[in-house]
Amino acid sequence: MDVEACDDQIGLVPEPQRPGKKLNTFEGVFTPVCLAMFSAILFLRLGFILGNAGLIETLLQMFIAYTILIFTILSISAISTNGAVEGGGIYFMSSRVLGPEFGGAIGLLFFVANVVSSALYLTGCVEGLMNNFGPNGSMAHFLPGGEGLPLSYASIINVFNLVVCIFGAAVFAKTSLIIFSIVVSVALTAIMSLTFMGEQDISISKDNHIYNISNVTHFSGLSWETFKTNLDRNYTQDYTTGSQTDFATVFGVFFTGVTGVLAGANISGDLKNPGKSIPLGTLSGIAFTFSIYAILFILSAASCSRQLLQNNYLYLQYINVWPPLVEIGISSATISAALTNLIGASRLLSAIAADRLFGWLLDPISKANVHGNPIGSVLMTWFIIQLMLLIGSLNQIAQVSSILFLYTYFAINLSCMMCLLTSAPNFRPSFKYFNLLTTAVGLIGSSAMTFVIDPLYSSLVVVAWMLLMICIHLRSPPVEWGNISQALMFHQVRKYLLLLDYKKQHVKYWRPKILLMVENPRTSLPLIEFVNDLKKSGLFVIGHIEVGYLDDYPQDPISKYYPIWLRWLDQFTVKAFLEMTLAPNVRDGVPHIARLAGLGAMKLNTIILGFYDQAMPIDFLSDDDRYKALGNEDEETTFKIRKNPRMSALEYVGMVSDIMNKLGKTACIARNFHLFNIKSLGKKEKFIDIWPVDFFNPDKSPDNCANLIMQFACVLHMVPKWKSNTKIRLLVCARHDEQELAIKKWKRQLSELRIEAEVAVVVYDLERMDEWDKIDSHYVESINRMLISHSEQTAVSFFYLPSPPGEIALYEPYLSCLDMLTNSLPPTLLVHGNDEVVSLCI
């Protein structure tokens, strides 16, 4: 059989093609993350942090910073593994989850954060060069130090980064790998020097005009006495700015050194496999940088006097076995970090421009692309970095950068939290190590620390954020990403019902909204309990039709029966709404309820009917203690068995046809649910079976219908008692020579849909049946026997429901075939629908 024909028949999702993706986990995520997190702090500000905060408070700041980072990365990992991640990184994730207003605003702030950080690292690079080669340089004096010259040096380095960035992601990756090797090597020599170098005097920085007690400070080598003196905090003046330091100042400087955690996610569009590389590379980078920082802080506390740490921030260079190595490390780390932020910010700006959230303002940027490299956004980003260099002081830039990144982390954690709170069925990330608590800790921690660093700057950022959201909202950009506010409103329906907008509903927030037609809860209790589980996080409406004419009653009989049914629903804790109507017959009543049930966007998409057969109804309420507790004779009168006259088989099939073809709803037929017992789950009954094939026309099973069947099974499996006691099993009929191909294709389909299920192939050659009145009953009975033989441990089965025939004369043969197919099976739900219910993107 032709492979492409098999794909069309079974409804497989093709593997996405990702042209131009070049970078793997190590070079695309781990290396940029490590370089950006070392940046200007590793060699230029360890003394500033440790000398002022002391080792105990420094480790506390590390704990706070890395806790925020780790929980934020868990949220990033969850979002990035819930579908395809395109260019734009964090902006793409947050905007596709939170919608254009929130995501666009935080995307622009994140762009500014990257630009500020790039300027910060360039300033740090120039500071190292001037300390070593300026007029007061420790190694040479060939760099002039007049006013404005440091800005010129930073601009030259910025031009170098621009050239590298223009040549694209491949050059960037190769450059980063070389620089990463250099920086790690220098860091290792610093660790060795702190460990093995002997006692010596170190001169203070020649730019230090505050400390005038002596021109030298002391390096003791590893010493317990030195270690004890560096445990407590001792905040003094910062000799580079002349301002008094405190916890907030020091934390702001330290935190800007670890903001590079998003460096890999920024270039998600250049990664081969973002969903895998972002979690693995980022978490590995965090662990590596934490280890290096912790070792250097502890060794420095045990070997450097407090005066040395506070008055010579370049102490690692002075005690190194070969001091020029540290200058190489400084230049390499800061240039690479600046380059990382430049290329990340340019990709981010390109993604924002492509989405046209700000209209024509960014059109020139989106059009200036050369072979996929966003040259226009690179040039714009470079120019803005040039403007940021005018700020000058590293420590001043650091606080602004830290606040902007913290708000970005706030938005990331909020995105993940909203996905969890909405319980969207399509939020099934492959990354599992996160929950509501981790997102809450990351969200609260990041927002709180912004105000600890600087309340004024934090307030200004919030105001800017709100203004950007308002601007984007007023513009109403024409995007089709889905909006998480729609999913949240579903859970807050009483408060936000009027705000729900049907046009904004998106397939990724699809959920079952079910109308179950019930003649009598006395005979339908197991089915009601099953649908109560099937509607997980969706809408459940129980519909009942009283047969008759309003003229035959002195008043509307529904007004009498309605409160009785509501009491029953409350007593049995069924989370469902109730809709009742009076109609001449059941077939006429179903469209009334289907059209009127629900309000606003909360309209039904699925209608479930019981099966039409001659079986005697079973009374499930007579021995139920919950029903006895009602203690009202009205229930006995209302819930009499078969109070309504039976409909004919023609009327029943016509009703199924109306649901599918005229109402456009998903039609389901439930059979054998008198056998359903929730208490037996996990004992004898262990599987939720999916049979995604039309047994009467196996060559033309609609793709969406197969996806719908799998989606229903997945939603049911999300219910805790089903998840802990059952497994999803997908059974596929195939010829003997096609088993391996069928297993491979269906496993790929399940992987694309993020559904965990076992795949089993049943060797059976299905035949096409074109005419319902000519179907061989022996063939249908043989299929039934095959189904029974594979259903010994089945809790419930989902089958494909074929469309009713167009001719009324074929209604009875159609119903007879369904009867033979499902006879003596476990609880079975036949499903037919063509709506899209599964999203492959975030």
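**Charged pairs and cysteines**

Modeller: Arginine 522 is buried, with a relative accessible area of 5%, where buried means under 20% relative accessible area, exposed over 50% and partly exposed in between (1.4 Å probe, protein chains only). Please keep in mind that this is a predicted model, in which local features need pLDDT of at least 70 and side-chain atom pairs count only at pLDDT 80 or more, while totals for chains, interfaces and linings use all residues. Residues are numbered from 1 along each chain as its sequence is written, and side-chain values use heavy atoms, with hydrogens and water left out.

Colleague: OK, and what does arginine 522 form a salt bridge with?

Modeller: Its partner is aspartate 619, and the closest N and O atoms are 3.0 Å apart; a salt bridge here is a side-chain nitrogen of Lys or Arg within 4 Å of a carboxyl oxygen of Asp or Glu. Arginine 522 lies in helix α23 (residues 521–534) and aspartate 619 in the loop between β6 (606–610) and α26 (625–628), so the pair ties together parts that are 97 residues apart in sequence. Helices (H or I, at least four residues) and strands (E, at least two) are DSSP runs, numbered from the N terminus.

Colleague: Is aspartate 619 buried or partly exposed?

Modeller: Aspartate 619 is partly exposed, at a relative accessible area of 28%.

Colleague: And which residue pairs with aspartate 819?

Modeller: That is arginine 671, with 2.7 Å between the closest N and O atoms of the salt bridge. Because aspartate 819 sits in helix α33 (residues 811–822) and arginine 671 in strand β7 (residues 666–671), the pair ties together parts that are 148 residues apart in sequence. Arginine 671 is buried, at 8%, whereas aspartate 819 is partly exposed, at 28%.

Colleague: What about glutamate 225 and lysine 228, how far apart are they in helix α9?

Modeller: They are 3 residues apart in helix α9 (residues 224–229), which means about one helical turn separates them, and their side chains meet in a salt bridge (3.5 Å, N to O).

Colleague: How many salt bridges are there in the whole structure?

Modeller: The search finds 13, and Arg587, Asp658 and Lys662 are linked in a network of them.

Colleague: Changing topic, how many disulfides are there?

Modeller: The count comes to 0 disulfides, a disulfide being a pair of cysteine sulfur atoms within 2.5 Å. Cysteine 705, for instance, is in no disulfide, and the nearest cysteine sulfur, that of cysteine 668, is 9.0 Å away. Cysteine 705 is buried, at 0% relative accessibility, whereas cysteine 471 is partly exposed, at 49%.
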